[in-house]
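Dear colleague,

I am handing over a structure for your attention. Please look at the sequence and the model below before reading the notes that follow.

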Amino acid sequence: AGNAALYFDPYNIENIKDVIDKVISNHELQEDLIQKGFKRYKMFNWMKTVELTQKEIARVAQEI
């Protein structure tokens, strides 16, 4: 998620609550995360995934 998300300790309920409260109460932060999310999602596409997968399969096949 890079900088398009806020992170929290999944074992710390208070920390999870604080992060959720921060996002819910801050509309500017919400908009910022949305815009960063749109930019981040453009970094990924199916063709890039296919190319990387094919390269990895070829690499592993050579080791066999």
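A salt bridge here means a side-chain nitrogen of Lys or Arg within 4 Å of a carboxyl oxygen of Asp or Glu. Both E56 and R59 belong to helix α3, which covers residues 46-63, and they sit three residues apart, about one turn of the helix. Helices are DSSP runs of H or I with at least four residues, strands are runs of E with at least two, and both are numbered from the N terminus.

As for accessibility, E56 is partly exposed with a relative accessible area of 38%, and R59 is partly exposed at 38% relative accessibility. E63, by contrast, is exposed, with a relative accessible area of 59%. The cut-offs are under 20% relative accessible area for buried and over 50% for exposed, with partly exposed in between (1.4 Å probe, protein chains only).

How many salt bridges does the count come to by this rule? The count is five. Another of them joins the side chains of K17 and D21, at 2.8 Å from N to O. K17 and D21 are four residues apart in helix α1 (residues 13-25), and therefore about one helical turn separates them. K17 is partly exposed at 39% relative accessibility, and D21 is partly exposed as well, with a relative accessible area of 36%.

I turn next to the packing of helices. Two packed helices are described by the angle between their axes and the distance between the axes. The axes of α1 and helix α2 (residues 27-41) come within 5 Å and cross at roughly 95°. Because of this angle, α1 is roughly perpendicular to α2. The residues that make the contact are K22, V23, I24 and S25 on α1, and H27, L29, Q30 and L33 on α2. Sorted by class, they comprise four nonpolar, three polar and one charged residues.

The terms used for this packing are as follows. Axes are lines fitted to C-alpha atoms, for helices over the stretch in contact, and angles run from 0 to 180 degrees between N-to-C directions. Angles under 35 degrees count as roughly parallel, over 145 as roughly antiparallel, 65 to 115 as roughly perpendicular, and the rest as oblique. Contact means heavy atoms within 4.5 Å. Ala, Val, Leu, Ile, Met, Phe, Trp, Tyr, Cys and Pro count as nonpolar, Asp, Glu, Lys and Arg as charged, and the others, Gly among them, as polar.

Leaving aside residues up to four places away in sequence, L33 touches N3, A4, A5, L6 and V23. The C-alpha atoms of L33 and A5 are separated by 6.3 Å, although the two residues are 28 residues apart along the chain.

Q54, in helix α3, counts as exposed at 52% relative accessibility. Q54 and E28 are 26 residues apart in sequence and 41 Å apart in space, C-alpha to C-alpha. N12 is found in the segment before α1 and is partly exposed, with a relative accessible area of 31%.

Lastly, the confidence of the prediction. The chain averages a pLDDT of 95, and 100% of the residues score at least 70; pLDDT is the predictor's confidence in each residue, from 0 to 100. Among the elements of the chain, α1 has the highest mean pLDDT (98) and α3 the lowest (94).

Residues are numbered from 1 along each chain as its sequence is written, and side-chain values use heavy atoms, leaving out hydrogens and water. As the model is predicted, local features need pLDDT of at least 70 and side-chain atom pairs count only at pLDDT 80 or more, while totals for chains, interfaces and linings use all residues.

With kind regards
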